[in-house]
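Thanks, everyone, for making the time this morning. Please have a look at the model on the screen, and I will then talk through a few places in it.

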Amino acid sequence: MKFFLDSASIDEIRSVNELGILAGVTTNPSLVSKEGVSFHDRLKEITSEVSGSVSAEVISEDAEGMIKEGKELAAIAPNVTVKVPMTLEGLKAVKAFSDLNIKTNVTLVFNANQALLAARAGASYVSPFLGRLDDIGHDGMDLIATISSIFDRHGISTEIIAASIRHPLHVTDAAANGAHIATIPYKVVAQLVKHPLTDQGIEKFLADWNKQQ
Ligand code: E4P
């Protein structure tokens with residue numbers, strides 16, 4: 001499983017990129033609006049920092065508007081992936097983007113049929129939202145496992161992005177259940193690194209080393 005960062009913050013993106021683990025970035029309108037900057041300018045900055053896929057979401061609700069917006073976003077850099085909501089209009093737009101060789105990430109996926117439809121329309125990625133399903137008492141991880149088994153069984157190459165990740169266990173379980181990618185908020189990336197025994201071990205090694213000096 002690869003790691004994407006779920007963020008529109010250039011500082012967070014740079015800091016994770018330095019770790020050598022960053023395969024891509026996902027943004028959404030909420031993340032971009034928190035930054036208070038021009039979306040296109042920030043997308044230019046992110047795409048020049050990161051060589052992997054950078055998802056940028058359209059806000060139109062009709063296919064025509066999505067296609068227009070998506071073409072503008074895709075023109076910003078070759079690694080832009082157009083993020084499209086899982087609706088009938090969204091599927092039409094995904095088909096059009098696929099014909100134009102523009103990569104797409106179908107977002108707001110909450111069941112396996114939505115994922116299968118998106119894949120068949122030509123989506124490069126589908127994003128099932130784990131945390132938001134967990135929030136309403138459903139098991140988001142079951143959805144990852146089901147989509148993964150359907151895609152494997154039918155030879156579908158669309159990649160599954162585990163999204164709406166809230167804690168480190170989501171990351172482990174997404175990898176174990178077949179997600180190709182987890183898109184992770186900065187806070188959770190920092191949590192993944194930490195283990196109290198690692199910190200204690202470093203402290204003890206240093207203390208022992210200093211006794212000899
Ligand atoms: C990523 O593609 C999604 O937009 C994001 O993971 C949603 O996360 P949230 O449910 O925490 O807003």
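Predicted model: local features only at pLDDT ≥ 70, side-chain atom pairs only at ≥ 80, totals over all residues.

I would like to begin with E57, which has its place in strand β3, residues 53–57, where strands (E, at least two residues) and helices (H or I, at least four) are DSSP runs numbered from the N terminus. Residues are numbered from 1 along each chain as its sequence is written, and side-chain values use heavy atoms, with hydrogens and water left out.

Is E57 buried or exposed? With a relative accessible area of 12%, E57 is buried, a term that means under 20%, against over 50% for exposed and partly exposed in between, using a 1.4 Å probe and protein chains only. Leaving aside neighbours within four places in sequence, E57 is in contact (heavy atoms within 4.5 Å) with T27, N28, P29, F39, E69, L73, K83 and T107. The C-alpha atoms of E57 and T104 are separated by 9.5 Å, although these two residues are 47 residues apart along the chain.

Turning to helix α1, residues 10–17, we find I10, I13 and V16 buried. They cover an arc of only 135° around the axis, and therefore lie on the same side of α1, the arc being that of the directions from the helix axis to the C-beta atoms. The buried residues of α1 pack against β1 (2–6), β2 (22–26), α3 (39–49) and α10 (186–193).
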